[in-house]
Amino acid sequence: MLSKSPRYGHSVAKCFLLFSLVPFIAAREDDGQSKTKIHDADRPSSESQLELRDVVFVIQSQRNSYHVQQAEKLRTDLLQQTRALQQNAPVILLLHTLSDTEGTWSILPLLPYFSSHFGKNCSWIMFLEEDTRVSLEKLHGVLQKFDRRKEWFLGKPLHDEESTIIHHYAFSENPAAFEYPDFSAGWALSIPLVNRLANKIQEDPLKSDFTIDLKHEVALYIWEDGKGPRLTAVPEFCTLSEQSPDTQHCATTVSSRSPLCGQPVKSDNIFVAVKTCKKFHFDRVPVVKKTWEKQTKLLEYYSDYADPSIPTIDLGVPNTERGHCGKTFAILRRYLSRAVPKTDWLIIVDDDTLISLPRLQALLSCYDSSEPVCLGERYGYGLGQGGYSYITGGGGIVFSREAVIRLLASGCKCYSNDAPDDMVLGMCLNALRVPVTHSPLFHQARPEDYARDFLAHQTPVSFHKHWNIDPVAVFNKWLKYDKHSDVLQKGTKEEL
C-alpha cells in the first residue's frame, strides 16, 4: 500500500522541483513468474521507501493531434490517481515535446537529457505508450521490490520464435534466448542504469543507422553483448485489456486492441493504389483479387505494362528492381488529378501487401483528414544524429489529401526512379516539418517475423511479403473481415 503521508526528503524534493524545469510537464498476457528472481540483497532497504514522485513517467507520445489527445488523457488519469492517493504529483513527460528533432521517439538520444535532469534525485524512468493503462498503487508495489541503487531494466518480455529479418537475424542459433520488452505493457529503467547509459552515449555517440524495431534495439543497446543487464520479467506488467477479468495482479494493462473514434471512414473515401509490374501480374495480383480487393470501392493497379485483363495502368515509369520512387510520385500526382475520384485518403501498397480495409476504415476514424497525415509503420534513419523518420512502404503508407498536397507543392521529388520511395518521402516530410505517424497495426513483414505475444494483443491492419507462406491462408487467419471486424464497424467509442 502507498503511504498517504508525503515524504519531503532532499532527494524527493529536488526530483519534484525539477518538475517545473522540463518543457510541457504537468505541472499493456503473462500469468507466469518472473524469470529473474529478486534476491534478498537486491531488495530495497526499509529506510528508503519509494514515493510516486521518485518516478518520472515518460509517455511515448506523437505529434499528430489524435495522439496528443490520447497522451493527455493518460496524463490526466495519472494525475487523478495521484490526487486520490494523496500523493504529490510525479513528473510526467510527453515524449514528443522534449525536442524539436525527429529522433525523440527512439528514446536512446534522450538518455543524457533524462540523466542530467533526474539522474541525481529520482529513482526510476517509467515509459508508457499512449494506450497503456496504469494502476499507480500496484505499480508502486512492483517498483518497491527492486533495489533502486542497482541497474534494472524491467518489462514484459517478448522473444522471437525464429530468426527474423526485422531483427537482422540476430541470435539465429537460438532466437528465444534474447528477450526484449513489449512497450505496450510499459517498461522501466532504474536511474543508475540511465546514468551509465547516458555517459556511454556522451563518450561514444550513437551511430547513424536504421531504427526498425525500437523495443528490440533498445534491449540490445542496454545488454551490450553481455556487459549490461538483461530484461527482468515483471509479471505485473500486462498486455491484457483493461476490461479483462484476469487483471487483478496487473499494474499495467492496455486500453484497446482496435482504435475506433466514431463512424469508420467510408470505403469510397479511401483511394487504394497498388504498385505492381508485369512479372507479377499472374503471381501476386491474383492474391490481391482473392483476398482484400473485394473490400475496396476505389482501387487501381499501377504497372510498367497496361494489361486490360486486370486492369493495370502504365504510368510511363519504367520498372525498377528496387526503390520505386518514380512510380510512387507518379501515383501521388495522379491522385490529385481529375483522373481519379476525389477522396480524403490515399493508401499506397505493394502487390504483396496483405491488408484489411475495414480495419483501416475504423482506424482512420481517429484522424483528421484536413491535417497532413502520413500513417503506417515508422522506421528511422540516423536518428541518433538528427536524421529523419519514414513510413516503411511494405505495410502500406496512408496519406491524407492535405499531406499529398503539401508534398507535391514543396517541389520535393525523386533523385532517381529507383530511389527508395519511403525514405525519400520521409526526408521530404521532415523538411516540411510534417510528422510521420506510427501505428503498430501496420507490419512490414510476415506474421512469423513478429513475437507471438506481441501480435496476441493486436488487431492487425496489414502484413507484407509472400515469402515461404500461403498468403491467402495468412489473410484468412489474420486479416479477413470476420465477426471481430464486424463489431468494429458497428460499435462505437466515445467521440474525441
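Guide: The lining of the largest cavity consists of Ser61, Gln62, Arg63, Asn64, His96, Glu102, Thr104, Trp105, Arg378, Pro435, Val436 and Thr437. Here a cavity is a set of points, on a 1 Å grid over the protein atoms alone, where a 1.4 Å probe fits but cannot get out, and lining residues have an atom within 4 Å of a point. The model is predicted, so to speak of local features requires pLDDT of at least 70 and side-chain atom pairs count only at pLDDT 80 or more, while totals for chains, interfaces and linings use all residues. Residues are numbered from 1 along each chain as its sequence is written, and side-chain values use heavy atoms, with hydrogens and water left out.

The volume of this largest cavity is about 100 Å³, a volume being the space filled by probe spheres set on the points, which are joined across faces, edges and corners. Its lining comprises three nonpolar, six polar and three charged residues. Ala, Val, Leu, Ile, Met, Phe, Trp, Tyr, Cys and Pro count as nonpolar, Asp, Glu, Lys and Arg as charged, and the others, Gly among them, as polar.

The second largest cavity, of about 60 Å³, is lined by Lys275, Thr328, Ile348, Val349, Asp350, Gly393, Ile397, Phe399, Asp421 and Leu425. Five of these residues are nonpolar, two polar and three charged. At least two lining residues come from each of strand S16 (345–350), strand S21 (397–400) and helix H11 (421–431); helices (H or I, at least four residues) and strands (E, at least two) are DSSP runs numbered from the N terminus. S16 contributes the most, with three residues.

Definitions and conventions
1 Å grid on protein atoms, 1.4 Å probe; cavity = no way out; pocket = protein on both sides within 12 Å on 5 of 7 lines; lining within 4 Å.
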